[in-house]
Amino acid sequence: EGAGDCSSCVAVMLELARAMSQWAHGFKNAVIFLFNTGEEEGLNGAHSFVTQHPWSTTIRVAIDLEAMGIGGKSGLFQAGPHPWAVENFAAAAKYPSGQVTAQDLFASGAITSATDFQVYKEVAGLSGLDFAYTDKSAVYHTKNDKLDLLKPGSLQHLGENMLAFLLQAASSTSLPKGNAMEKEGKTVHETAVYFDILGTYMVLYRQGFANMLHNSVIVQSLLIWTASLVMGGYPAAVSLALTCLSAILMLVFSVSFAVVIAFILPQISSSPVPYVANPWLAVGLFAAPAFLGALTGQHLGYIILKAYLANMFSKRMQLSPIVQADLIKLEAERWLFKAGFLQWLILLALGNFYKIGSTFIALFWLVPPAFAYGFLEATLTPVRFPRPLKLATLLLGLAVPVLVSAGNFIRLANVIVAIVVRFDRNPGAKRPIAIASCVLFVLSLILVLSGTVPPFSEDTARAVNVVHVVDASGKFGGKQEPSSFIALYSTTPGKLTKEVEQIKEGFVCGRDNVVDFVTLSMEYGCLTYDGTEGGWSQSDVPTIHVESEGFGIMDTKGNDNGRITKVSIDMKGSVRWSLAIDAEEIEDFTFKEGSEELVPRDEKSGMDGWHIIQFSGGKNAVSKFDLDLYWAKNSTESYHNANRKEKQRPLLKLRTDFDRLTPKTERVLSKLPAWCSLFGKSTSPQTLSFLNSLPVNF
């Protein structure tokens with residue numbers, strides 16, 4: 001287990017250390033290989049190194065090796081802030097693989113995961129590179145992350161790229177100096193835009209050049225469109241508006257068709273994600289309907305545009321019906337082709353305004369097709385008969401953007417939409433394509449409904465959690481016995497009906513079985529209370545005790561602290577726990593272990609209305625803590641209000657974990673289907689968890 005994440009990284013680092021030692025005599029810089037633990041439990045190892053190790057102050061560049069799957073190419077997905085590292089990697093790597101698109105997703109918060117690189121960049125202020133394998137992500141953090149699935153070529157790919165880069169970096173005299181980040185969190189240096197071409201070459205330029213290039217293209221495009229509309233007059237403006245409508249209809253219908261399938265599939269299939277074990281099914285189940293929807297939307301727009309053009313042609317010239325129909329089709333074809341220019345121009349302008357690195361995609365989908373059209377098709381004569389688009393226009397216009405976009409899964413939707421917009425040379429003749437899409441969808445659906453292709457397999461298993469929960473929350477003061485049950489839930493969408501039928505341990509499933517694992521909630525799951533009394537004792541239940549209450553207490557500077565509550569917490573031997581503090585009631589707090597202040601009083605940011613502390617320590621870690629709560633002013637006022645309504649959510653929520661199996665848990669795990677695998681993250685509970693809480697009106 002853990003072959004991909006991240007034994008593969010350790011193996012590559014060991015081999016790099018051996019290989020590097022052969023050239024060490026020519027180095028001008030030292031290379032430190034840091035093997036650290038605690039990454040899954042909160043990036044603890046990296047944080048300990050950069051904050052406590054004496055070597056940390058000597059480091060100029062940090063390289064992080066990660067895995068979010070097993071195998072495939074190890075791609076660069078974060079770089080900077082200083083562009084030195086990515087520039088040298090692009091120049092030295094044998095088979096460079098990396099996309100700034102992934103970096104934009106991380107920066108936007110769309111991907112909430114973090115790696116050790118975050119610590120190096122944000123805590124130590126270092127620049128560098130972050131690499132990861134992403135193939136077979138379904139086995140990530142499960143028992144199936146095993147050596148059998150790891151291809152030697154993946155290790156070779158990462159190793160050869162890293163060896164070439166490290167040799168160049170170690171011999172360099174121009175490493176970035178000092179902290180790469182300003183105190184305000186802004187980068188001192190320009191960021192870099194980078195992307196690879198089929199894993200063979202890496203294109204890289206700095207953001208300043210990107211801004212200049214984008215502004216130039218935007219201005220020229222606006223001038224061309226203005227001149228075109230002035231020459232074409234009112235009919236050209238209306239035709240452009242109708243082609244934009246066609247593009248909008250394409251997007252709406254494409255997304256709608258796929259969303260409808262996503263809603264229908266759980267109702268007719270045993271799993272809402274029947275493609276996990278066989279990802280190619282997603283092409284038939286979702287890509288085919290989305291493509292069919294795009295064709296439908298474009299065809300509707302085409303009909304509207306054709307109706308307007310027919311009216312316009314009938315007023316401007318007298319032609320035979322057959323000739324006029326042909327001319328209308330050709331003119332509609334040209335307008336639909338040109339509509340893509342405007343779509344990508346808008347995206348280019350927005351991306352340039354917000355300084356998004358991935359804006360290069362819009363640039364490449366705008367410039368080559370526009371150049372090909374202008375070079376081979378455009379004419380300065382305002383009155384002319386439309387002609388069929390040349391094949392050379394399509395080939396020259398689409399070759400570069402397809403080459404740049406190919407192989408990047410994140411940009412797959414952009415590639416499909418762009419090809420649909422431009423490559424259909426006769427928008428009125430879609431029957432063969434539509435029929436093929438329908439057939440592909442129907443065949444995929446038959447395979448799913450017949451059970452011929454199961455949604456999960458032993459090697460690509462469904463990720464589940466089995467937790468023995470002892471819940472003492474809502475029982476402040478110990479007057480009631482805690483409830484004990486086994487919780488079975490999954491991060492993979494879909495019901496657990498089949499799994500529960502095979503386990504047969506009295507589980508009852510539903511969406512009313514909500515369990516807050518502080519504050520990761522199980523919105524749907526299965527619970528059983530049968531035979532859960534053994535394997536734990538009352539002495540394992542963590543305690544929360546209010547030591548004292550105070551009002552109007554002055555600090556050393558003479559400031560009124562308002563209402564302060566002192567709380568002691570005993571984790572009862574647990575060295576892995578999560579604590580949530582109500583951010584609506586508590587504006588600040590200090591967290592101490594004995595005389596040592598672990599979390600000082602300062603400005604704190606909450607998440608979904610909670611201050612959350614996650615802790616993980618060794619077997620001898622402390623388990624008793626003191627918490628000083630500084631109440632918000634509005635809470636102090638409401639405390640004195642006799643008519644205050646009872647709050648439903650607690651002031652404090654606590655979960656403590658133990659990595660041990662109770663008899664009931666062991667029995668459930670032994671009956672777990674072969675297509676299921678336990679899943680773990682730093683936020684996930686272990687196999688035995690205790691819950692406790694402190695009410696607001698304690």
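This is a predicted model: local features need pLDDT of at least 70, side-chain atom pairs count only at pLDDT 80 or more; totals for chains, interfaces and linings use all residues.
Residues are numbered from 1 along each chain as its sequence is written. Local features need pLDDT of at least 70 and side-chain atom pairs pLDDT 80 or more, while totals for chains, interfaces and linings use all residues, and side-chain values use heavy atoms, without hydrogens and water.

An unreviewed UniProt entry places the feature "transmembrane region" at several spans, including residues 280-305 and 344-367; such annotations may be inferred rather than shown by experiment. Their end C-alpha distances and secondary structure are tabulated below (helices, at least four residues, and strands, at least two, are DSSP runs numbered from the N terminus).

The structure holds 20 aromatic pairs (Phe, Tyr or six-membered Trp ring centres within 6.5 Å; planes under 30 degrees apart are stacked, over 60 edge-to-face, the rest tilted). Trp344 and Trp365 are stacked, with 6.0 Å between centres and 15° between planes. Trp344 belongs to helix H9 (residues 321-353) and Trp365 to helix H10 (residues 360-376), so the pair ties together parts 21 residues apart in sequence. Both Trp344 and Trp365 are buried (under 20% relative accessible area; exposed is over 50%, partly exposed in between, with a 1.4 Å probe and protein chains only).

Phe485 and Tyr529 form a tilted pair at 5.4 Å and 55°. Phe485 is buried at 4% relative accessibility, whereas Tyr529 is partly exposed at 47%.

Trp577, Phe591, Phe615 and Phe625 make up one aromatic cluster.
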